[in-house]
Amino acid sequence: MAKACALHILVKTKEQADKLKLQLQKGADFGKLAKQHSLCPSGKKGGDLGEFRKGQMVKPFDDAVFKGPLLEILGPVKTQFGFHLIKTLYRN
């Protein structure tokens with residue numbers, strides 16, 4: 001079964017996600033922004049979700065992590081939880 005490790009920032013609106021993505025593209029620290037803005041409990045750990053298997057996350061999130069490029073900021077990805085910015089660290 002495929003596994004991956006990713007960071008993410010969860011916010012309520014696409015506009016907020018777009019603003020944060022712009023900051024990340026300009027070199028802002030992902031972990032710091034996650035701690036300041038993420039609504040997910042993982043925000044306290046800089047957005048670190050640890051390692052998880054394909055199918056453990058909701059489909060749009062799972063697709064981004066397992067099909068998107070590594071080490072790039074993906075999103076905003078909309079799920080029932082809100083809008084995610086995702087950085088996939090590795091997958092196998």
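Is cysteine 5 buried or exposed? Cysteine 5 is buried, at 9% relative accessibility (buried means under 20% relative accessible area, exposed over 50%, partly exposed in between, with a 1.4 Å probe and protein chains only). The model is predicted: local features need pLDDT of at least 70, side-chain atom pairs count only at pLDDT 80 or more, and totals for chains, interfaces and linings use all residues. Residues are numbered from 1 along each chain as its sequence is written, and side-chain values use heavy atoms, with hydrogens and water left out.

**View A. Cysteine 5 and cysteine 40 without a disulfide.** A disulfide is a pair of cysteine sulfur atoms within 2.5 Å, and the count here is zero. For cysteine 5, the nearest cysteine sulfur belongs to cysteine 40, 13 Å away. Cysteine 40 is buried, at 19% relative accessibility.

**View B. A salt bridge between glutamate 51 and lysine 3.** A salt bridge is a side-chain nitrogen of Lys or Arg within 4 Å of a carboxyl oxygen of Asp or Glu; the count is five. Here the N to O distance is 3.7 Å. Glutamate 51 lies in strand β2 (residues 48-53) and lysine 3 in strand β1 (residues 3-11), 48 residues apart (strands are DSSP runs of E, at least two residues, and helices of H or I, at least four, numbered from the N terminus).

**View C. Lysine 67 and aspartate 63 in helix α3.** The closest N and O atoms of this salt bridge are 3.8 Å apart. Lysine 67 is exposed, at 60% relative accessible area, and aspartate 63 is partly exposed, at 22%. Lys59, Asp63 and Lys67 are linked in a network of salt bridges.
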